[in-house]
Amino acid sequence: MITPEKIKVLYIDDEQNNLVGFKATFRFDYTIFIAQNTEKAYEVLKAHTDIRVILSDQRMPDKTGAQFFEEMREQYPDPVRMLITGYTDVESVIDAINKGHIFRYIKKPWTDIDIKGAIEEGNKFYISNSLLAVKNKELQSAYDELGKFAYSITHDMRGPLLSVLGALELAKGIDSLPEIREILGMMDEAVKKLDEFIKNTHEYYNLKRGKLDFEAIDFKNVVDDVAALFRITGRMQEVKFTANIEQNDIFISDEISIKIILSNLFSNAFKYQRKNASDKFVEVNIEVKDGDAVIIVKDNGIGIHENHINNIFTMFYRATSEQTGSGFGLYNVKDALNKLNGTIEVTSVVNEGTVFKVIIPGKPNDAK
Amino acid sequence: MTPNKKLHFIVIDDSKLDCFIAEKIIKNTGKSESIRSFLQAKEAIEFIASAPPPEDNSHTIILVDIQMPIMNGFEFVEAFESLPQKITANYTIYVISSSINENDIYKLKNYPSVRQFLNKPLTSNNLALLIG
């Protein structure tokens, strides 16, 4: 267990004796910074952005504590502000409280208990505020994603549907059977594209909402399962598929995430082949070693141009108009890997092929 | 559109099926001199920029999709508008998309070269309205 870091506190007072006394009293409980004037206080704040509580004397020669708080909070809104003052300054204190410049005031002469209590309370307030800020940020990014998602849905789901609708309309006026067949073939593609998009959406939500379920992974079975999907859909026709799996140790991870990673990488490798090549292949090498699984998926397909390679993991980004991509697959791969603390690297040469290298750390067995 | 002009068509859409549908519908009008389809907007821009000057009394209609990888419809229109005026004068752009996003449709109003926005799917009826 790591001892929590001491709360950082800044104390401002124009009387040197007060500063020394304050620091001497509280230095064991908190990390104390002191400043004899507000200029010095700004220097401290600039250097230590993680100061949580600021206590200031009200009566100082250059400006009052309340004035200082009022002006500093714009630049440093996070620290909790407290004013130390005698009874005579009541009016200015009330004003400062009402304007929201200070969290509380401590009256002079203070006791150790007053100060400690105030710092602890202030710290709690600081923590809940920063948690709120983190949550707000998360919420904002969820909203942004939802907006992007809704926009894309209209295109990626409506697009193929409208294509089919247009084709149906057209086919009604055509008598030639070969032409009808040609249109049917293209409708088939559009429907498959729509289906793929829906499947990927499902995966996306599984990843976002789903909990990880850690269990022992047998890579041979997993690869067989995933490869079977492609065999059924006929994607493997004309493409030589080889899998080399070396697993001697137990590997604990989340099977659904691993399947999502493999099926998307396989899908791309089968999909983005060069049309007229005669030696098409997809090769997967998996090695479980030193607690990590290293997965390499290699193909000799169309490759990815260097201009696009940095964007391929972005949601809805598509680097090619070849084939039926949803712009979702590699985003899901990356998302799954983030959850498993895994990494992915890609190297690719246009018209020669692409290699994806994935490293997934296994979960320690005893932590199960 | 002056009826006696010779009409050429350029279709730009990343969906093969949509290109195919557009080509068929255009052909069925019997009013097209030529039809060219591009799956990538970039190729279309290159084609337009380097095309030989058109013969007199001919005009080209461009049907372009919005959401396409690499170069989307907006980027295409921007690239088109940066071409010399003596080239662009020979073309009329119609944007045809599955988008029902108001922002997309509103954004199109900022492009002087875009004549009109059309909803997918393209049908012979709404094409007939365009070319009269």
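Along the sequence, chain B reads β-α-β-α-β-α-α-β-α-β-α.

I noted that this is a predicted model, where local features need pLDDT of at least 70, side-chain atom pairs count only at pLDDT 80 or more, and totals for chains, interfaces and linings use all residues. Residues are numbered from 1 along each chain as its sequence is written, with chains lettered from A and ligands numbered from 1 in the order in which they are written.

Next I checked burial (20 or more other C-beta atoms within 10 Å of the residue's own, C-beta atoms being placed from the backbone). In chain B, 36% of the 132 residues are buried. In chain A, the figure is 34% of 368 residues. Chain A holds 10 helices and 12 strands.

Then I turned to the interface. I found 23 residues of chain B in contact with 20 of chain A (C-beta atoms, placed from the backbone, within 7 Å). The chain B side has 11 nonpolar, 7 polar and 5 charged residues (Ala, Val, Leu, Ile, Met, Phe, Trp, Tyr, Cys and Pro are nonpolar; Asp, Glu, Lys and Arg charged; the others, Gly among them, polar).

Last, I looked at one helix pair in chain B. Which residues of α1(B) meet α6(B)? I listed B:Ile25, B:Ile26, B:Asn28 and B:Thr29, against B:Ser124, B:Leu127, B:Ala128 and B:Ile131 in α6(B). That contact divides into 5 nonpolar, 3 polar and no charged residues.

Methods
Helices (H or I, at least four residues) and strands (E, at least two) are DSSP runs, numbered from the N terminus. A residue is buried if 20 or more other C-beta atoms lie within 10 Å of its own, exposed if 12 or fewer, and partly exposed in between; C-beta atoms are placed from the backbone. Two residues are in contact if their C-beta atoms, placed from the backbone, lie within 7 Å.
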